[in-house]
Amino acid sequence: MKKDRFGRARVLSTAELDLLLDALPRHHRVLATLLRRSACRISEALQLRWKFAEGGTLLLTAPTVKGGKKTRSVPIHPQLAAELAAWKQVVNPNNDPDQWLFPSSRCPGEHMSRRAFDHQLRKTAGELGFGGISTHSFRRSFLTASSANGIPLRALQAISGHSDLGVLSRYLEVSDQAKNDAVMAGA
């Protein structure tokens, strides 16, 4: 678990994610929902413009992804699609395709800062008594839950953008129940 910015971000259960999202202010909740439902890195999500969130797909372009090498697309979950449609009416009523999904409230023309989101996330998590939370908790939670639900690692790799399955596997937390099930299923 993460402590003082060291270690791995905590993996959250569905119930914990629901509580956390419900407690966040709206502009942070929409971003947290995007992170939860897409396994995006915070830096990738903050650099999204509306033209890259159309047609049921998030397009994460090479200049915005870690390593800057490979553009990837992630299907938009129906719950996220509904949140984004309502959010667009608030932050982009003129339907400007070049507008940021998450504009800064302090600096016109800029996107929300990572620091602003991280500060609010940690404050809210602390109020809920959730330790070890970071922006990466959404990514790890998505990948762990998907793996536990039987989604193939190659599919998760395509969503997460990991170039190596070994690196992806470090994101996946294995529950005690899953370990017990494996032992009981063994020959």
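**Loop residues and a helix pair in a predicted model**

R41 counts as buried, because its relative accessibility is 11%, which falls under the 20% limit applied to buried residues. The structure described here is a predicted model, and in it R41 lies in the loop that runs between α2 and α3. When its neighbours within four places in sequence are left aside, R41 is in contact with L35, K66, R72, H136, R139, S160 and H162.

The loop between α2 (26-38) and α3 (42-46) is also the place of A39, a residue that has a positive phi of about 60° although it is not a glycine. A39 counts as buried because its relative accessibility is 0%. A positive phi, near 60°, is likewise found at N95, which is a residue other than glycine. N95 is placed in the loop between α4 (78-91) and α5 (114-128), and with a relative accessibility of 47% N95 counts as partly exposed, since exposed residues are those over 50%.

Two of the residues in contact with R41, namely R139 and S160, also take part in the contact between helices α6 and α7. The axes of α6 (residues 136-148) and α7 (residues 153-160) come within 10 Å and cross at roughly 160°. That angle makes α6 roughly antiparallel to α7, because angles over 145 degrees count as roughly antiparallel. The crossing of α6 and α7 is right-handed. On the side of α6, the residues that meet α7 are R139, F142, L143, S146 and S147, and their counterparts in α7 are L153, L156, I159 and S160. By class, the residues of this contact of α6 with α7 divide into five nonpolar, three polar and one charged.

At the level of the whole protein chain, nine helices and three strands are present, and from the N terminus on the elements run α-α-α-β-β-β-α-α-α-α-α-α. The radius of gyration of the protein chain is 17 Å, close to the 16 Å given by the globule rule for 187 residues, so the chain is as compact as a globular protein of that length. Taken along the principal axes, the C-alpha atoms of the protein chain fill a box of roughly 60 × 35 × 30 Å. Buried residues make up 42% of the 187 residues in the protein chain, and A39 and R41 are among those that count as buried. Among contacts in the protein chain between residues at least 6 apart in sequence, 56% join residues at least 24 apart.

Definitions and conventions. Residues are numbered from 1 along each chain as its sequence is written. This is a predicted model: local features need pLDDT of at least 70, side-chain atom pairs count only at pLDDT 80 or more; totals for chains, interfaces and linings use all residues. Side-chain values use heavy atoms; hydrogens and water are left out. Helices (H or I, at least four residues) and strands (E, at least two) are DSSP runs, numbered from the N terminus. Buried means under 20% relative accessible area, exposed over 50%, partly exposed in between (1.4 Å probe, protein chains only). Axes are lines fitted to C-alpha atoms, for helices over the stretch in contact, and angles run from 0 to 180 degrees between N-to-C directions. Angles under 35 degrees count as roughly parallel, over 145 as roughly antiparallel, 65 to 115 as roughly perpendicular and the rest as oblique. A crossing is left-handed if the near helix is turned anticlockwise from the far one by less than a right angle, and right-handed if clockwise. Contact means heavy atoms within 4.5 Å. Ala, Val, Leu, Ile, Met, Phe, Trp, Tyr, Cys and Pro count as nonpolar, Asp, Glu, Lys and Arg as charged, and the others, Gly among them, as polar. The radius of gyration is taken over C-alpha atoms; the globule rule is 2.2 Å times the number of residues to the power 0.38.
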